[in-house]
Each structure stands twice: as structure tokens, then as C-alpha cells.
Amino acid sequence: AKTGALSYPAAAVSCAKTFCGSDIDEDKAESCESNCKKHPYFCTETCKDEDSPKCKSCIQECKEACVCGDHCEPLVKDAGLCVEQGGGWALAIPQHFNNIWMSLLVLFEISSTEAWVDVMYQACDSTGQYEEPQRDNKQWLFAPFFLVYMFMSFMFLLNLSVGVIVDNFMELKEELKDDGAEVMLTPVQQRWINSRRSLMHKTTLFRLTNLHLLPKPRRTMYKLVESNVFDWVMTAAIVLNTIVMAMKIFPTPFDWWDDMLWGLDIGFTVIFLVEFLLKIYALRSTYWADNWNRFDFLCLATAILGIILSVATPNFAIGQTVTQIFRIFRVARLFRLLRSKRLNKIFMALVLSLPKLGNVLGILLLLLTLYSILGVSLFASAHSAEFLDHHGNFRHFGWAFITLFRSVTGEAWNSIMHDLLTTSEDWFRMGDWCTPDGLFDTFTEESYNILNSKCLIERPNACVQTIFGRNWFPAIYFVSYIL
């Protein structure tokens, strides 16, 4: 060091010597050395005196990392200290802005409200290249940026896009209206809706005729069951019965809790049985002409059967299972509340919308089917990760369909995408590995047996297919799907 000669004791154990050896292209080495001398981050402080041994040693380290870039990663500042002390220097989250394409992908990703808060927090904590983050270091710069971007992208542009779609829909509706047709309806569906509307306007004034010819007790009973007071009382009984069913708690807070619920359940069943008897006495055969009455009888019959089975087979497993199934029907009594005029109008609006919703659902199912098949062909053997696991994967069509349906709701679709974007180099840095996609061949018996012997059929770990060496398939796949 006193003579100014280059002292480089780590050359024998350097990353470049270990992984790339001495077979290095001289032209590439000269280019790397030139780039290292004018690099904006590396050796800037050390090479204030370009002739010093420390500067020459730093340039040599930078050059070797450049010529062996597939295996060596140069680090400085806090990143270098972190690795020297046995740590790891990696992204805190998968999203970053290191290049224009990833920046566009991240901005699209957060415009769907997925992980935008995490990205904002990491940006607020950022300091500089290869420097350790600090809490809220740049919050007044990046917090307003992300808030404005979310307002413009998610709230403004999304609503603007919806407005354009609605406007085009209304124009198409006006065009079809002149021809007597409706949007998103086939002629058969349109005739069905017209028939339902006609039935809605059909009014039955009296369930019984010739009341003056009936016995007085039956006329009195008919007036009772048809009165508003009786209807209100039964509605209150249904609401209270629902509240009692909602009071089921495990574990029970008191020893007498289940017995109390059981007694109340029997009491409400008796009330509904009395209602049935009063109506069947007053209406006789016309009782069965009303669909709601048939529905009430079904709920009552299942409740009574459930009580009988629970008493007759207290320790019989199959009997208890059947009893639980029958008890489910008790919740259906809530549908009786649809008898009220306001709720019935809302319910009928939903019924009349079913044909249009069915057509839209058909398009969605077609889209899910196409992307599920494509996802299986692309990512079936992909290496499992934090989110690409047994809860969400593309191993076969069923799981691909479930995973994509989950993605429709915006649930962690971006996390699955980033897991699939993990390259072989990323796996290597994390201390793991993935099988090159060209080697993961299951079409021949020999290769299948080899993979099966290594347990790679049951737990595949293939790298995702690349485009000219770039892993862009997951990004293209999910962005096009979400759009």
C-alpha cells in the first residue's frame, strides 16, 4: 500500500472467480471497467483519488460484478454493510419503480386499489439508492402523490369509464326500443318478462267466494287470518324466531342456554303450527292455491320433522345430521317478509333482472373458462410461493377457475402475479431454486418418471416460461384479465 500498488487479497475468493472463472470476454471487461469509472453510485467516494489503491480495488470489484452479472450483485452503502454482516438486501415488497415497464405495472396494479397503501408507505420511508429506509422520511412528497393518483385513476377515471359505458348502453337501448326489443335480452327472455309483469298486475280480490254461505265460525276465522293484525303478528313471530336462531353460541355461556333456545324453538314451531291450522280451517283447499302458503307448510313440516328426529334419535349420528339439514329450512322463513309490498317490489325487480344477469354471467363464465385453460397451460407447474399455494394455483382447471374467480373480487390477484413473476435468479437469491421450464417436460414417459422420482410431479417447482429471456407472461396474463 505504501508504494501505491494494487492490493487485492480477496481476488482468489471473489464472486466472479468463483462462478465465472477466467473465461471472461476482454471487450466486455473493458466496457465494464469504463462504466464503473463513471458509475453514479459505485466508488464515487472512494475514487476521489483515482490513483489510490482503495479506488483501484473498488473499480476491480465493480468490474468483476459487471462481467459476472448473472451471479454477482454489487452493493454499496447500507446494502453492502447489510450483506457483510450476514443479512440480506432485498425488496420489502414485490412492487418497485426500477424501470418504466415495472412502474407502469405497479401504477396499474394500485389503480385497482390492490396494495396501494403498502406501496405508498414504502415510498414514504425511502431514502436513497442502496440506503436503509427511514420511517416517514419522504411522507410529504409521496403521500400526496399517491392520494392524488388514486383519486384521479380509481375515482375519476373509473367513474368516467363507467359513464361512457352507461352512455353507450342507453344509446343502444334507444335504438333497440324502436324495433320493440331490449338490450341484453333474447326474444324468449323478453316474452318471459312480459308474462311475469302481467302476472304481477293480476289481482285476486278474495281467496274465498260466497262467504255468506259459509258457517259463521269459518267466516270469522277467514277475516282473522286475512287481517293486517294477524299478518303483523306472524311477521313479528318470524323476526323473533330468527333472533332466537341467531343466539346460538359455541361454547354456550350458561348451562341452561341450549335448553332455553330449544324451548323457544318448540314454542315458535307451535305458533306456526297454529297459524297453519287456522288458515287450513278458514281456506280449506284454497290454502294450497297460494305459493306462499305451500312455502310456509314446507318450512313448518321440516321444523316438525327436525324436532321429532332430535327427540327420537338423540345419540344417532345420521339422525343428528338430518336434523341439522332440516333446521336450515327454518332460516327460509325470512323469505315470508317479502310479502310486504315494498320488499316484494324489490324482490320482483330482482326476478325480472335475472335474464339480463344470466346473460352477463354467461359472458363472465366464458371469460373465466378461457383464462382458466390458458392459466393451466402457462402456470400449472410453476414454483409455489407465498400466495401461489394450495389455496390459489393453476394445477388444474378447477383450481384455476377458483383462483381467477377470487381475482375478480380483487383478492390478492397482484400477489399471485408477483409470485409468478419471480425469476430463477430471484429464487437463487432467496436460497431456493426452480427447474428451467425447458427441462420440466411431462409429455414423455422417461422425463415424467425422472420428475416423479424427485417428487416434482406432486410438488412442481418449474420456472415460468419466458419471452426472449423475460418473464412477462404473468404480467400480460393478469393485466389483460383484470381489464
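For the counts below, Ala, Val, Leu, Ile, Met, Phe, Trp, Tyr, Cys and Pro are classed as nonpolar, Asp, Glu, Lys and Arg as charged, and the others, Gly among them, as polar. Please keep in mind that this is a predicted model.

**Cavities**

Searching the whole structure turns up 4 cavities of 30 Å³ or more. The largest cavity holds about 90 Å³ of space. Its lining has 6 nonpolar and 5 charged residues, with no polar ones. The charged residues Glu275, Lys279, Asp296, Arg333 and Arg336 belong to this lining, and so do Phe272, Phe276, Tyr287, Phe297, Cys299 and Leu300.

Which helices each supply at least two residues of this lining? They are α11 (257–283) and α12 (291–312). Helix α12 has 22 residues and reaches 32 Å from its first C-alpha to its last, close to the 32 Å expected at 1.5 Å a residue.

**Aromatic pairs**

Turning to the rings, the count comes to 20 aromatic pairs. Two of them are set out here.

| Ring pair | Distance of centres | Angle of planes |
|---|---|---|
| Phe108 and Trp413 | 6.2 Å | 70 degrees |
| Tyr477 and Phe478 | 5.2 Å | 80 degrees |

Why is the pair of Phe108 and Trp413 edge-to-face? Planes over 60 degrees apart count as edge-to-face, and the planes of Phe108 and Trp413 are at 70 degrees, so this pair is edge-to-face. Phe108 lies in helix α5 (residues 100–111) and Trp413 in helix α16 (residues 413–420), so the pair ties together parts that are 305 residues apart in sequence.

Is Trp413 buried or exposed? Trp413 is buried, with a relative accessible area of 1%. The planes of Tyr477 and Phe478 are at 80 degrees, so that pair is edge-to-face. Tyr477 and Phe478 are both buried as well.

Key. Residues numbered from 1 in each chain as written. Predicted model: local features only at pLDDT ≥ 70, side-chain atom pairs only at ≥ 80, totals over all residues. Heavy atoms only, no water. 1 Å grid on protein atoms, 1.4 Å probe; cavity = no way out; pocket = protein on both sides within 12 Å on 5 of 7 lines; lining within 4 Å. Points joined across faces, edges and corners; volume = space filled by probe spheres on them. Helix = DSSP H or I, 4+ residues; strand = E, 2+ residues; numbered from the N terminus. Phe/Tyr/Trp six-rings, centres within 6.5 Å; stacked < 30°, edge-to-face > 60°. Buried < 20%, exposed > 50% of the residue type's maximum accessible area, 1.4 Å probe, protein only. Expected span 1.5 Å × (residues − 1).
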